[in-house]
Amino acid sequence: MKNSQSHFPCEQCGSDLLYSPEHQSLECDHCGFKNEIPVSFEPIREYDFREALQDLERLRSSGQLSQVGVIKCPSCAAQFELKENEHAGNCPFCSTPVIKGTEQSRHIRPRSLLPFSITHDQAINVFDNWMKTRWFAPSALNSHAKRNDKLTGVYLPYWTYDSDTQTQYQGQRGTVYYERQSYMARVDGRSVRRTRNVARVRWSPKSGRVRRHFDDVLIGASKTLPRTIIDNLAPWDLGKLVPYSEAYLSGFRSEIYQITVDEGFLRAQQIMDYTIRQDIRRDIGGDQQRISHASTDHDRTTYKHLLLPIWSAAFKYRGKTYRYVINGRTGKVHGERPFSFIKIAAAATLAASMAGGGAYVIDQNGGFDNIQFGSPSSYYDYQTTQPTFQGF
Ligand SMILES: [Zn+2]
Ligand SMILES: [Zn+2]
């Protein structure tokens, strides 16, 4: 069955047109034909959260959710939309071969996205530079070609929430005062009476109400990447969202959300609560504050379901998965770095014989890194770097 909406044949040669981050257009790899993506002036809409919950409830209770084709990873449970002519390949999050299957459809469709602006070439350069500074990288990634092969462009699913909040609270305001206290001290072997000021807090009850409007609280709707990675990809230029169009997805994977719109709102509330507690403390005033009770009403809560672009590579090394992720808009990098134990051991022996002992390893720049040998096979750390791009 042909689905003409998710497939863009080249007008000149019939090959697949792919989205080009460089020209923000659809391009043919074979003949070079370019096709502009029409600019949409449709505003980015917010959707009513309560209506979404009612829809979700109705669909869950009536079992009306249909089955749709997906590509899924048997290892990390990532799910991608199945597109026309899509070859399976490896999971961009864990490097396991993915399989075609069916899944209960997610009834909320993404309505906006940030298109890729970092090209595959730029992403591979960032990856290459990152690997070059990692002297202890495993040989599984030691060639440009292997890295080129691993790097996949993926749109990750996100929710954003807006809400008008009003919070009733009860608590106490603490006022610091000083009390004069006398005490005995020993001076030159004699007991003498002295006085000092001691800080005390006087607590008085305080209750009240605070209001705050939240705009675009962003929650990742994927469970495949760890939160440390998701959080490290921020910030995103959400002001540049464009209305969803399949054209931007041509040549890229798009992950299907695993955190539902209601689960996402629970996470958003935790983020909002943190800010609300600061508002309450400010409202209580005084020198110290205690909050004994707070209850928040949400009004005019809206959501958006959107897609954000990343370049992702995953590789397995000694049974562990390591991930390397680039923000597809800014080029910000987050990677997990494996070390080859054999290379480290060899370097440590060399360094020990040179330096006369101690677990020091000479790094690439000729400096010394104090390396700790925690696990006998391999260990890793987290590294976040912000490469500089000219012209971005
Ligand atoms: Zn063509
Ligand atoms: Zn996977």
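Some housekeeping: it's a predicted model, so local features need pLDDT of at least 70 and side-chain atom pairs count only at pLDDT 80 or more, while totals for chains, interfaces and linings use all residues. Residues are numbered from 1 along each chain as written, chains are lettered from A and ligands numbered from 1 in written order, and side-chain values use heavy atoms, leaving out hydrogens and water.

OK, the zinc ion, ligand 2. Cys-73, Cys-76, Cys-91 and Cys-94 coordinate it through their SG atoms at 2.3 Å; donors here are N, O or S atoms within 2.8 Å of the metal, or 3.2 Å for Na, K and Ca. The 4 donor atoms subtend angles of 98 to 117 degrees, so the arrangement is tetrahedral (four donors, all angles between 85 and 135 degrees). The spacing in sequence reads C-x2-C-x14-C-x2-C. Cys-73 sits in the loop between β5 (67-72) and β6 (79-81), and Cys-94 in the loop between β6 and β7 (99-104), so the pair ties together parts 21 residues apart in sequence; strands are DSSP E runs of at least two residues, helices H or I runs of at least four. Cys-73 is buried at 4% relative accessible area, and Cys-94 is buried at 4% too; buried means under 20%, with a 1.4 Å probe and protein chains only.

Next, helix α2, residues 120-132. Its buried residues include Ile-124, Phe-127 and Trp-130.

Last, confidence. Mean pLDDT (0 to 100 for each residue) is 80 for the protein chain, with 79% of residues at 70 or more.

Key. Buried < 20%, exposed > 50% of the residue type's maximum accessible area, 1.4 Å probe, protein only. Tetrahedral: all angles 85-135°; square planar, octahedral: opposite > 155°, others 65-115°. pLDDT = per-residue confidence, 0-100.
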